[in-house]
Amino acid sequence: MASTETTPSMITPYDRATELKAFDQTKTGVKGLVDAGIKEIPRIFIHSPETIPKTNMPFKIPVIDLASPDRASTVEMIRVASQNLGFFQVINHGIPVSVTDETLQGVRRFHEQHVEVKKPFYTRDHSKKVVYNSNLNLYGNPATDWRDTFFSFMAPSPPLPEELPEVCRDIQIEYSDHVMKLGGVLFRLISEALGLKPDHLIDMDCDKGLTFVGHYYPACPQPELAMGASKHSDFEFLTVLLQDDIGGLQILHQNQWIDVPPTRGALVINIGDLLQMIANDRLKSVEHRVVANEKGPRVSVACFFSTSLMPSTRLYRPIKELVSDENPPRYRETTIHDYVKNSFSNSLDCVNNRLAHLKL
Ligand code: OGA
Ligand code: NI
């Protein structure tokens with residue numbers, strides 16, 4: 001894939017690895033470049049033109065009211081959205097707007113605090129309690145994204161409060177508690193949407209691990225050349241995404257990019273690869289991206305349900321109620337740990353097709 005593309009940056013060959021390293025060593029991320037007043041983006045950020053198509057289709061991502069008394073129709077809407085789009089939005093989800101607003105503010109405060117306070121968190125060692133850097137896969141991506149990120153594992157073994165960044169620890173803990181509860185609600189609804197008993201996915205521990213990821217997309221001086229987040233699917237069971245009012249998130253549906261419009265107080269929910277796997281492809285983990293914007297910063301918080309690289313022994317495979325002679329299992333069994341390790345260890349291809357190595 002990447003090797004056959006002609007990127008503007010490849011027209012003049014350059015030592016990408018050296019420039020990536022220099023950027024990484026600043027430990028101030030994309031925000032550091034913007035603060036320094038750059039007017040042109042460094043070439044490591046230039047994406048090939050074909051990854052930035054201009055058009056996108058007008059299309060409405062369903063907005064599902066979780067307070068609706070008509071549970072059957074809620075389940076049905078979730079089933080249709082999860083099968084076709086892999087994405088939906090929820091309102092009346094039980095997380096007060098004061099909490100979602102403060103969560104976005106807290107992530108913004110983290111990224112905008114004094115560099116000398118923020119720098120000690122900058123690392124590529126994922127065993128740290130708080131990992132802050134620019135581009136989690138900086139050295140593997142064909143082009144660098146216009147984004148900085150920090151994350152912490154909040155469940156099942158959260159860091160001590162004092163290990164979290166002082167400027168946002170209270171709200172990180174409060175918001176994560178809310179998202180864990182919402183996870184319980186969503187996994188029950190999705191179990192029902194699959195025709196299973198409501199606790200099925202919870203009994204499988206799908207709701208036990210949570211990562212809190214705080215993204216910061218600075219205003220980009222040349223948005224037509226860059227991407228905020230390159231096309232990818234999420235590798236976990238489920239993602240709960242909170243975005244501010246700037247916009248830029250798009251999902252791929254029938255080869256067209258569809259905007260996921262910001263809706264204050266709403267949360268964007270999407271199916272991850274692991275849920276697609278245990279649902280034997282009945283639910284879809286859909287590719288999405290964030291376009292770069294001259295407006296900014298854009299702040300978003302992605303909460304991922306999965307225990308990620310934590311040691312694990314539980315085996316996951318397509319749920320037996322969802323397979324039959326006519327519809328045999330499409331994936332081999334795996335622990336979450338092995339799945340995550342294998343998905344990220346080898347080729348770049350895995351960024352877009354992480355389930356490939358489990359396919360039967
Ligand atoms: C992600 C993601 C989208 C956003 O973190 O996986 O797709 O809007 N984020 O930040
Ligand atoms: Ni994503």
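A polar contact is a pair of N or O atoms within 3.5 Å; within protein, one must be able to donate a hydrogen and the other to accept it, and residues adjacent in sequence count only if both atoms are side-chain atoms. This is a predicted model, in which local features need pLDDT of at least 70 and side-chain atom pairs count only at pLDDT 80 or more, while totals for chains, interfaces and linings use all residues. Residues are numbered from 1 along each chain as its sequence is written, chains are lettered from A and ligands numbered from 1 in the order in which they are written, and side-chain values use heavy atoms, with hydrogens and water left out.

| Residue | Distance from its polar side-chain atom to an oxygen atom of ligand 1 |
|---|---|
| Asp234 | 3.0 Å |
| Arg298 | 2.8 Å |
| Ser300 | 2.6 Å |

The surroundings of ligand 1 (residues with a heavy atom within 4 Å of it) also include His215, Tyr217, Leu241, Val290 and Phe304.

Which residues coordinate the nickel ion (ligand 2)? His232 (NE2), Asp234 (OD) and His288 (NE2) do, at 2.0 to 2.1 Å. Donors here are N, O and S atoms within 2.8 Å of the metal (3.2 Å for Na, K and Ca); water is not among the atoms, so sites may look incomplete. Along the chain, the donors have the spacing H-x1-D-x53-H. Helices (H or I, at least four residues) and strands (E, at least two) are DSSP runs, numbered from the N terminus.

Buried means under 20% relative accessible area, exposed over 50%, and partly exposed in between (1.4 Å probe, protein chains only). Asp234 counts as buried because its relative accessibility is 5%, and His288 is buried at 6%.

Thr149 is in strand E4 (residues 148–155) and is buried, at 0% relative accessibility. Its side chain makes a polar contact of 2.9 Å with the side chain of His215. Contact means heavy atoms within 4.5 Å. Beyond four places in sequence, Thr149 is in contact with residues including His111, Val131, Asn133 and Val213.

Lys31 belongs to helix H3 (residues 29–35). Is this lysine, Lys31, buried or exposed? Lys31 counts as buried because its relative accessibility is 12%. Among the residues that Lys31 touches, leaving out those up to four places away in sequence, are Glu112, Asp148 and Tyr216.

**Nonpolar cores and cysteines**

A nonpolar core is a set of buried Ala, Val, Leu, Ile, Met, Phe, Trp, Tyr and Cys residues joined through side-chain atoms within 4.5 Å. The largest has 65 residues, and Tyr175, Phe237, Leu238, Val240 and Ile278 have the most contacts inside it. Helix H7 (residues 169–193) gives the most to this core, with nine residues. Apart from it lies another core of 18 residues, among them Phe87, Val131, Ile251 and Phe304.

The whole structure has zero disulfides (pairs of cysteine sulfur atoms within 2.5 Å). For Cys168, the nearest cysteine sulfur is that of Cys303, 12 Å away. Cys168 is buried at 3% relative accessibility, and Cys206 is buried at 1% relative accessible area.
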